[in-house]
Number of protein chains: 2
Amino acid sequence: MLTERQLYILKAIVDDYITNAEPVGSRTISKRQDINFSPATIRNEMSDLEEMGFLEKPHSSAGRIPSQKGYRYYVDHLLSPTQLSSRDVTDIRSQLAEKFQESEQVIQQSAKILSQLTSYTSIVLGPEVFESKLQQIQLIPISTTQAVIIIVTDSGHVENQTVYFPENVSGSDVEKVVNILNERLRGVPIYQLQQKLSQEIASVFKKYVSKYETMLTALREVFRDHQQEKVYYGGKTNILSQPEFNDVERVRNILNIFEEDALVSRLIRSEDQGLTIRIGEENDFKPFEDLSLVTATYTLDGKYVGTIGLLGPTRMEYPRVISLMEYFSRDMSELLNRRNKN
Amino acid sequence: MLTERQLYILKAIVDDYITNAEPVGSRTISKRQDINFSPATIRNEMSDLEEMGFLEKPHSSAGRIPSQKGYRYYVDHLLSPTQLSSRDVTDIRSQLAEKFQESEQVIQQSAKILSQLTSYTSIVLGPEVFESKLQQIQLIPISTTQAVIIIVTDSGHVENQTVYFPENVSGSDVEKVVNILNERLRGVPIYQLQQKLSQEIASVFKKYVSKYETMLTALREVFRDHQQEKVYYGGKTNILSQPEFNDVERVRNILNIFEEDALVSRLIRSEDQGLTIRIGEENDFKPFEDLSLVTATYTLDGKYVGTIGLLGPTRMEYPRVISLMEYFSRDMSELLNRRNKN
DNA sequence: TGTTAGCACTCTTATTCGCCGAGTGCTAAA
DNA sequence: TTTAGCACTCGGCGAATAAGAGTGCTAACA
């Protein structure tokens, strides 16, 4: 229902506002050389677009800015899919070189590059511990009453925790426990550990191990604690450099959210394979109501393992961000997979 | 060389400025009921104090604010040692309850409480991996070319890293490596691992292990990477709520520093046992030139293991902060020691 | 001689006013 | 349908002004 010209004007306004962060007037548009209409004509169209809800005015004598609906339309219909500039590609390539051994490093570095390239804040979830399986459990004694329990997953992830037990637990008991655990739990997904422990292992313990209760409670705790996934950030303060955030109080609120990993994880997580764009209130979260969040997933063996996200003002450089996210989504999956294979 | 009255006035001004963050005028001081001098007299004294460098004027018709030298004098001579309020003590006690198993949790929680109680930013270093000794090394294979190497220290700290080696390394070689490492390196301080590896172990490897070079480089890397200590923060954004920080650019600079753990670690670290107060430029670090940093150390078996720090405006509530820091320094040492003993 | 009242002076902050410029909306003409 | 023209709106900015807080100095006082 939008005419060709209206589409053009809407796109022009969004593009302009994205780069300049200032309300766009009719004259600015009409001065473009690929359009041949007078400011007056543009004004009429703008007025119509506003009536339809795509634009709004900060005040009566300023130019127009895109409304949330305007951004949404822009993202859905107006976006010309851009190629990543070769400069970006070489930048990424050089910074995400092969030197990274740990998948954790790959992720951290990706977050960093993403934020540097965009001057938004990047947030990366995972890799999903949840889905990975137990490879081995080790119990390493530190003193007579203390040991470190170490859980290694098949994806090479390591979790550890110190456990305490009473003086009178014998070394052979500890050994038995470790053996039982490794025998029974290898290959079990991390999220099932707790359950298995209560249902199967408990009774086995009872049979072979004296003083098994202490062990059991300690283990239960360890398994419970290590189910949440990690959150990595890049450029936490980048968002402060956006002109719309020169109010310290607002900034503080947003920055505080970043300290709550569990909350952020919930906000970012997206089950959808592929790219998701949430604009302003679409985030359904008050402090993000003038922020946009673009997320994509990355995979291991085709399975979801984590999410990458980019948080910026609603006035976000969508075309660039989208191609970047697509690139990273692919590249991280690839890097992690290669790492896991050879 | 300062008269009784000058001391009183200096203290009054610092106290007032600390709580109100606004230049203090002569009238404000004279209105205190425990002083019986007219504003004019106070003015004369203030003028003298300014000449001596303890006070300064933001501009000619504002009140006075303490200079850096003024704060220093206040901290060194004027501070009445205050008792921690019983409310604070119960607050701390309840939040730092016994439930914490991991020393990491104790530290994190301490950082959090400290920041909540003061609305400054707390920074905690350690516990010092550097000084601790190797307890055990484990190598857990993940795939044919991948293993996780796990280093456990005598303080129960765990470091891990994934290593990759060529297909043709035999299982028995790996086993040999682990055995040699555990035999030769147990009890060696972490910071000496790299050196020992090159000097002693290399030749042993050469003798017994085929394909030892790959192993060696992998290990070298692992040892190198795990020497730095961890930095924990509490209330990163607290500093934003101080009235002197409503400039987004300044805030950004400071927050960015917090992202550089190595830098922060260097700034905070203090070899001095006991309490250290660095005011403004005493930090010798441009971005901190109007911040104060109070640090204290905590110990394990009487040995230094880490530092706790509190970062706030120079206009800091020194009396309260000092007693809090003393309390935490003692309490954390105690908690950690108890944890290590029983 | 130390203290204080008084007063002129300084400087900041808040407020008001007027003006400029960017931009709109409407009307009428092409 | 498009556009030129014009009146109108509104925010932003600088100058002018007033208010207020505080100082420094002088002279008088105990």
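I count a residue as near a molecule or strand if one of its heavy atoms lies within 4 Å of it. Helices (H or I, at least four residues) and strands (E, at least two) are DSSP runs, numbered from the N terminus.

This is a predicted model, where local features need pLDDT of at least 70, side-chain atom pairs count only at pLDDT 80 or more, and totals for chains, interfaces and linings use all residues. Residues are numbered from 1 along each chain as its sequence is written, chains are lettered from A and ligands numbered from 1 in the order written, and side-chain values use heavy atoms, without hydrogens and water.

**Entry 1: DNA strand D**

I asked which element gives the largest share of the surface near DNA strand D. It is α3(A), with 4 residues. I then listed elements that each supply at least two residues there: α3 (39-51) of chain A and α3 (39-51) of chain B.

In total, 21 residues surround DNA strand D. The closest are A:Thr41, A:Ser60, A:Ser61, B:Ser26 and B:Lys57. By class I noted 4 nonpolar, 12 polar and 5 charged residues. Here Ala, Val, Leu, Ile, Met, Phe, Trp, Tyr, Cys and Pro count as nonpolar, Asp, Glu, Lys and Arg as charged, and the others, Gly among them, as polar.

Which part of the strand faces the protein?

- A polar backbone atom of A:Ser38 is 3.1 Å from a phosphate oxygen.
- A side-chain N or O atom of A:Ser60 is 3.4 Å from a sugar or linking oxygen.
- A side-chain N or O atom of A:Ser61 is 3.0 Å from a base oxygen.

**Entry 2: chain B against chain A**

I found 40 residues of chain B and 39 residues of chain A in contact (heavy atoms within 4.5 Å). The two chains bury about 3400 Å² between them, 53% of it on carbon and sulfur atoms. Buried area is the accessible area (1.4 Å probe) lost on putting two parts together, summed over both.

Across this interface I get 7 residue pairs in polar contact, both at pLDDT 80 or more. On the chain B side, β4 (134-143), β5 (146-153), β6 (158-164), α10 (248-258) and α12 (318-341) give two or more residues. β4(B) gives the most, 6 residues.

How values were computed: Polar contact = N/O pair within 3.5 Å; in protein donor to acceptor, adjacent residues only side chain to side chain.
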